Amino acid sequence: MKNILAKVNSFTAKIEKVILALSIMLMMINTTANALGRYIFNQSIYFSEELNQFLMVSVTFIGLAYAVRNGRNIRMTAIYDSLSHKKKKALMIIIAICTSFLMFLLAYEALQYVLQLKGMNRQSPALQIEMYLVYMIVPIGFFMAGLQFFIRFVQNLLYEEIYLSYDVIEQKDTDLKDQAC
């Protein structure tokens, strides 16, 4: 089972890194070129703002999956931190499976929306790109985040440690004396 989880994690990591790196680089190049064009040649790139909006959608939803895979997603831990190890483990299992289910549900709903966009033949104003192609990244991001939460769920079922992601294990509780400033 660990081998399957490792392969899924590795595959999604590669996809996330490529999409995020390309999106951020394209945003930087596009913004720089637009600024140079505007201030040097007195001519903006007509599609620059639209392209950056599309790239931000990509960074947001693939970034969600990336954050979950690295255990960097937002967690509310006020109650969690006061629990014993066994109760933390049980709560983490419940949180992971519920959040995984929610991410898969959101991926499904986003896919339904994207399919509606495809049926309407909507295009972006400046680039004339089919909008469903742009927003297809949303269900992909939700699906990849759901996979990461599912991996967290499985690992927490199989192993004694509390996994925050595939590679991140929660640190053991320390004495309050060690935490004093």
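The model is predicted, so local features need pLDDT of at least 70 and side-chain atom pairs count only at pLDDT 80 or more, whereas totals for chains, interfaces and linings use all residues. Residues are numbered from 1 along each chain as its sequence is written, and side-chain values use heavy atoms, with hydrogens and water left out. Helices are DSSP runs (H or I, at least four residues), numbered from the N terminus.

**Packing of α1 with α5**

- Helix α1 covers residues 2-40 and helix α5 residues 137-158; their axes come within 11 Å and cross at roughly 150°. Axes are lines fitted to C-alpha atoms over the stretch in contact, and angles run from 0 to 180 degrees between N-to-C directions.
- This angle makes α1 roughly antiparallel to α5, a term for angles over 145 degrees.
- The crossing of α1 and α5 is left-handed, that is, the near helix is turned anticlockwise from the far one by less than a right angle.
- From α1, residues including Leu5, Val8, Ile15 and Glu16 take part in the contact, and from α5, residues including Met144, Leu147, Ile151 and Val154. Contact means heavy atoms within 4.5 Å.
- The residues of this contact between α1 and α5 comprise 9 nonpolar, 4 polar and 2 charged. Ala, Val, Leu, Ile, Met, Phe, Trp, Tyr, Cys and Pro count as nonpolar, Asp, Glu, Lys and Arg as charged, and the others, Gly among them, as polar.

**Packing of α1 with α2**

- The axes of α1 and α2 come within 9 Å and cross at roughly 150°, which makes α1 roughly antiparallel to α2.
- This crossing of α1 and α2 is also left-handed.
- In the contact of α1 with α2, 13 residues are nonpolar, 10 polar and 3 charged.

**Salt bridge**

- The count comes to 1 salt bridge, defined as a side-chain nitrogen of Lys or Arg within 4 Å of a carboxyl oxygen of Asp or Glu.
- Glu16 pairs with Arg69, and their closest N and O atoms are 2.7 Å apart.
- The pair joins distant parts of the chain, 53 residues apart: Glu16 lies in α1 and Arg69 in α2 (residues 48-69).
- Glu16 is buried at 0% relative accessibility, and Arg69 is buried at 6%. Buried means under 20% relative accessible area and exposed over 50% (1.4 Å probe, protein chains only).

**Loop residues with positive phi**

- Asn42, in the loop between α1 and α2, has a positive phi of about 60° although it is not a glycine. Asn42 is exposed, at 69% relative accessibility.
- Asn121, in the loop between α3 (85-120) and α4 (131-135), has a positive phi near 55° and is likewise not a glycine. Asn121 is exposed, with a relative accessible area of 55%.

How values were computed: Helix = DSSP H or I, 4+ residues; strand = E, 2+ residues; numbered from the N terminus. Parallel < 35°, antiparallel > 145°, perpendicular 65-115°, else oblique.
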